[in-house]
Amino acid sequence: MEVVCPIDEKRAPEISALLRPPPPREIQDYFDRLLASRECCRLKVKQDGEHGKGVYADVEFKEGELLLRDQMLFGCQHPLNKIDCLVCSFCFRFIGTLELQIGRRLFFQDLGLSSSHGCDTGACSDVSNDHGASDSSDGDDIMDERSCDDSRGCASGSKRAKVPLPKEIVESLMNGEIVLPYSDKFSAPPVVPCAGGCQEAYYCSKACADADWNSFHSLLCTGEKSEAFSAKALLQFMQHANETNDIFILAAKAIAYTILRYRKSKANFLTSCKEDAARVMDKFHMPLLLEAWKPISVGHKRRWWECIALPEDVDPSDEAGFRMEIKELAFKSLQLLKAAIFDKECEPLFSLDIYGHIIGMFELNNLDLVVASPVEDYFLYIDDLPSPEKEEAKKVSQPYLDALGDEYAVSCEGTAFFPLQSCMNHSCHPNAKAFKREKDRDGQATIVALKPIPKGEEVTISYIDEDLPVEGRQVLLADYGFTCKCSKCQQES
Ligand SMILES: C[S@@+](CC[C@H](N)C(=O)[O-])C[C@H]1O[C@@H](n2cnc3c(N)ncnc32)[C@H](O)[C@@H]1O
């Protein structure tokens, strides 16, 4: 049966206004300001390219040169990965002592809750999910490499059994009673809990805690200071997202972000306005909502259930049924979110059409979020110590490595939308790539040049593994809603 969302009909004119791209001059202004705020005036976003918007070099770049560090607009850590890695909920850098990271892993591992799976160091994995291009650290020789040492068992495929440690030792690691040799060299910022009291979000600093609270978390916090009108409904929404698709959590962030921006600009507007508030708001409500929505309105998007590629295990004759199921899933998620944070003045944001477009935007643009773990660096450091310091340190550290097993250093993994990186088009012979350098320790996207890029040339990245045969590449690119017609694809076909 067709899913019907009453808001879609009731708010049709406002929904069309939200889905209509802003005028080109406004889009240009938005990206020019964004580039300036990233202190990155060496790139330009242009709107009239062959594939719509694109990013262009405004100076000449050398091979290996940094093009862009892009701050995410919306990001989330995969729910199971939260068990293995304690990271800042805003910037995604690792937080707390090395002992706390190891202790937490062992604690959850003992409870059978660890999510780690096979070889999962930042070095070996070019983690890629169905949400988009991967921010890889795959040992390309233009940048710092992270080696994967066979002696730790992660490259050879031979799995070593974990050697558990007593519960008291694990507790002492977590509460700071045990200090590992040289661990001070790997200390991360102290853990700042969420001021809303949810015990779900943790930060590296008060600045990150405040930024998260003001951007999204005040509406999405399940603690006692939350501004959501039902923490219970919010928990139900989160549970549904964790069990089905964490892209719903990102969509909730996009809606919360727009509502909070709308409320803030409305408050500022009313303070500065001398006329009768009710009458003025009637006129300015929609312009204020459109302005609050601007960062999302400029993103390339289609409805999720229409743009998602048909999975291999779905028979093409069942395509309509599959798309309907996806739509129903989104509708269920939206109802749960609406029960938790509905705002009458922002009602169009709770329409299924808008929800579908937000999720579709993530589907077509997102980059995998990967941040390497300091635990990996720690054990590599111990291994590289000269004798006799190495043997002395290993006497203490080895039992922890044995307890962690082959997956001793799980990276932080998630998915994120980056406003500038998401303007980069695909090429099967790209001139740039998303790449984490040794010093990139947070969730920002880092884009580096793979070859010299002359001024005026378009900056392209590969959304997929460009070394695959042409048929495989085209199948994966179908997820992004297009068939690649680059010279490499044409030659190979
Ligand atoms: C991440 S966005 C890139 C920015 C996009 N061009 C825009 O206007 O916002 C991805 C979308 O751009 C388009 N695109 C990117 N690379 C392409 C290519 N090589 N050929 C055709 N379309 C491409 C597709 O519509 C794809 O879904």
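Me: Which residue of E8 does Gln77 stand opposite?

Reply: Gln77 stands opposite Gly414 in strand E8, where strands (E, at least two residues) and helices (H or I, at least four) are DSSP runs numbered from the N terminus. The model is predicted, so to speak of local features requires pLDDT of at least 70, side-chain atom pairs count only at pLDDT 80 or more, and totals for chains, interfaces and linings use all residues. Residues are numbered from 1 along each chain as its sequence is written.

Me: How many bridges join E4 to E8?

Reply: Strands of a sheet pair through backbone hydrogen bonds, either parallel or antiparallel. Here 4 bridges join E4 to E8 (residues 412-417), and the two run antiparallel; a pair is counted if DSSP finds at least two bridges between the strands.

Me: What is the order of the strands in the sheet, and which stand at the edges?

Reply: The sheet is open, with 3 strands in the order E4-E8-E7 and antiparallel pairing. E4 (74-77) and E7 (367-371) stand at the edges, and because each has a single partner strand, one side of each is left without a neighbour in the sheet. From one strand to the next, the twist averages 30 degrees.

Me: Which helix packs on the sheet?

Reply: Helix H9 (residues 247-272) does, touching E4 and E8, where contact asks that C-beta atoms, placed from the backbone, lie within 7 Å. The direction of H9 makes about 145 degrees with that of E4; axes are lines fitted to C-alpha atoms, for helices over the stretch in contact, and angles run from 0 to 180 degrees between N-to-C directions.

Definitions and conventions:
Contact = placed C-beta atoms within 7 Å.
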